Amino acid sequence: MPKEPVRMEDRVSDDASVQVLTKALSDCVDTCYSRVDAQRAACKFGSQGICCRICHMGPCRITAKAPRGICGADADTIVARNFLREVVGGAAAHSDHGRHLVLRLKKVARGHGNGYTIKDRPALLRAARAYHIEIGDRSDNEIALELADRFLAEFTAQEETLQTLTLAPEKRQGMWKNLEVMPKGIDRMIVESMHRTHMGVDHDYRNIIMQAFRTALADGWGGSRIASMVSDILFGTPAPVRSQSNLGVLQKDTINILVHGHEPELSEMLAVAVQDPEIVAAAKKAGAKGITLAGICCTANEILMRHGIPVAGNFLQQELAIITGAVEVMITDVQCCMPSLPEVARAYHSKIISTSDIAKTVGAIHHAFDENDALASAKSIIRVAIDNYRNRDESKVAIPGATQPLVAGFSVETIKYMLGGRFRASFRPLNDAIMQGRIRGVAGIVGCNNPKTKLDDYINTLTRELIANNVLVLKTGCAAIASAKQGRLTPEAALEQAGDGLREVCEAVGIPPVLHMGSCVDNSRILEAATEIVCEGGLGDDISQVPAVGVAPEWMSEKAVAIGCYFVASGVDVILGHPFHIRGSENVTRLLNEECGELFGGSFHVCADPLAAAEKIFALLDQAREQLGINKKQERKLYDMKDRRELDV
Ligand code: NFS
Ligand code: SF4
């Protein structure tokens, strides 16, 4: 019997995506949703992690009859090696992004900014202080140059452990030391991990998994943290900004340009270039009302937070955006850009322009971003879009109307400021609200979408449950965009959807119940926030004691694996919507899902159902509250200094 066709409403959650996916079908355009069907019977060796193709005696697969590969590697070794290589991929992606930004900072500091400047002096000074760099009466460029070199040393250090680790609570640093997981230079960790997983090197699954945590820490506290710090220095520390989300941000009568990928350098210049009077005039001359610049994936998050530029969609909407027929140009750089994009674009007039020499796609136009003349580069890409406007085929255009308002830009500095005001900026009110039970705890919901499950559904169902039950939600990446599309990133959402305690706090402070903290490299901001909570006092002296969890509901990328690992290694329990490819090894599964709790104070938990995940999260938060002795709902109380001193002990 032929299988029931899957309904669009079962693939995607929001009306805009339903409409465009239906259009894809009538336009006969393939998307990841048609391809996921073609891939249906996933290889069980792959999904259990027991396929090894590390050497050419193989590939080998583990079965009951063949419990070892040709070299003798068993399921534990093979699963652990594959897992470590995933962490390597994720850590490398984040960190290389960070490195590019550091090299840019160095050029700026040397006076070769070519349009880039140090936009945020306080961010520069914050970073300099973190590295104990002398400030005195030195110029910004002098400080930035020393800082850039110190950042670069974090990549190249051969023997010293990462400086950024010292930004973690002291107790956590001690735990890392005892467990011998303090990473040395980021590049060294990545190379060493590749060495360890070469044929015939590291075979002890525990030793391999500990290296996975070490490498992940080099990402979360190293490469990603550095990427966020340098982005703030060069482009500004995010502060609350209003904007719009979903495919409806594309306009019928403007030239529509989408930026997609991760690195903010080009998109920052595009944000400037679209306002250039010459460019605006050229757009008008081409018969358009103007130019609409919008983003997809994490580039969207970067320019949303700093410029309020609208978000067209998250990961699984990249193809859908083209299928609206209204995109003149989609500009890609690195990471999460599907190789299918030029093929989808061929059905319309859209052009895909790749801009990074390390990320080319067959069928895309390669327009290398000239970093020595970034503004001119940005303008010339925009001109391609302007020229392409006349090729738009109106009969193929269907932009779904729906957009949702949002507020984004919640950096740690901003949260502090909003909680305490300019002169008393602090996390104290948040700690107090957690201690009093008005806020039950904090959940960081992060990560991607995955066509194996309905777009945004798990993320949004879980978010709804959590905020209704007084859990403050911090978001990054595509998970943040999912909430934006549902209208949950506005302070007004708190009034309608948050539980009483959380609503009270949100209303008093003027924040949404779901805080958009940025792109995926900005997950380091969540660690920073957790550290601030610890340092503020009253909720233990380590991150693992704070009632906080991490969740990656619809994750798909190696970056998400690395993120999960550095959260766990930082003491945060992490809920996954679907498991890692590790089930072929009971030992590795037990280590990651159970024993890590003993080692780090946090481990992985797999919950396929969002409501079960919510229950699990409440249990974890309540357990942390119990251990802190604050697990009772308390009346609101105004603390005097004596009370505070007692609480702070
Ligand atoms: Ni994160 Fe950002 Fe999205 Fe997943 Fe990809 S865009 S870095 S990896 S898919 S959240
Ligand atoms: Fe097979 Fe061992 Fe080679 Fe892997 S490393 S492919 S298990 S022989």
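Domain bounds, as I use them here, come from an automatic or database domain assignment.

I note that this is a predicted model, in which local features need pLDDT of at least 70 and side-chain atom pairs count only at pLDDT 80 or more, while totals for chains, interfaces and linings use all residues. Residues are numbered from 1 along each chain as its sequence is written, and side-chain values use heavy atoms, with hydrogens and water left out.

**Ligand 1.** I looked up the shell, taking a residue as near if one of its heavy atoms lies within 4 Å, and found among its members H262, F315, C520 and K559. Domain 3 (247-396) and domain 4 (411-628) both contribute residues to this shell, so ligand 1 lies between them.

The only protein donor is C520, through SG at 2.2 Å.

**Ligand 2.** Around this ligand I listed residues including C52, C55, C60, C71, R81 and M199. Domain 1 (8-61) and domain 2 (76-235) each supply at least three residues to the shell.

**R306.** R306 counts as buried because its relative accessibility is 14%. Its side chain reaches the backbone oxygen of G236 at 2.6 Å.

Note on methods. Chains are lettered from A and ligands numbered from 1 in the order in which they are written. Donors are N, O and S atoms within 2.8 Å of the metal (3.2 Å for Na, K and Ca); water is not among the atoms, so sites may look incomplete. Buried means under 20% relative accessible area, exposed over 50%, partly exposed in between (1.4 Å probe, protein chains only). A polar contact is a pair of N or O atoms within 3.5 Å; within protein, one must be able to donate a hydrogen and the other to accept it, and residues adjacent in sequence count only if both atoms are side-chain atoms.
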